[in-house]
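I opened a new page for this structure. I wanted to look up its helices and its pocket.

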Amino acid sequence: MAFSGFVASFYYVPLLPEIMIAARENGMPDNDETNAELSSLYTSLYYLGAFIGPSLGGAFDEHFGFQWAMTIAGLISFAQALVVLIFTLVEKVSRGKCSNQTEEKLSLLN
């Protein structure tokens, strides 16, 4: 459990600042109201997951047995990692295109 908490800190801690950066890049103002909205959204979804995860885990364990419940949990984790990987690759490609377009516009202005 301690190791799990240690590993979780690597993706929970940097997530909120990244959400705030993405919100600013997409036109949300940089003020206390935006920070409060994003923080409350982050916290609400975190605790929703903290409720749903054990509830589903218990239901899967009771219905399918421990081995299948852990297999399902592993598949869900793998699917999550795959979604994050795809999102990261798409984000890298789109930011690369945006920076190339910005450079082209700047060169045209000069």
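My entries follow.

I am working with a predicted model: local features need pLDDT of at least 70, side-chain atom pairs count only at pLDDT 80 or more, and totals for chains, interfaces and linings use all residues. Residues are numbered from 1 along each chain as its sequence is written, and side-chain values use heavy atoms, leaving out hydrogens and water.

**Helix H3.** H3 has 33 residues. From first C-alpha to last it reaches 47 Å, close to the 48 Å expected at 1.5 Å a residue (1.5 Å times one less than the number of residues). Which residues of H3 are buried? They are Thr34, Leu38 and Tyr42 (buried means under 20% relative accessible area, 1.4 Å probe, protein chains only). H1 and H2 are among what covers them (contact means heavy atoms within 4.5 Å).

**Lining of the largest pocket.** I found 42 lining residues (a pocket is an open set of points on a 1 Å grid where a 1.4 Å probe fits, with protein on both sides within 12 Å along at least five of seven lines; lining residues have an atom within 4 Å of a point). Tyr11, Tyr12, Leu15, Gly49 and Gln80 lie nearest the centre. Helices H1 (2-12), H2 (15-25), H3 (32-64) and H4 (66-109) each give two or more residues. H4 gives the largest share, 16 residues.

Definitions and conventions: Helix = DSSP H or I, 4+ residues; strand = E, 2+ residues; numbered from the N terminus. Buried < 20%, exposed > 50% of the residue type's maximum accessible area, 1.4 Å probe, protein only.
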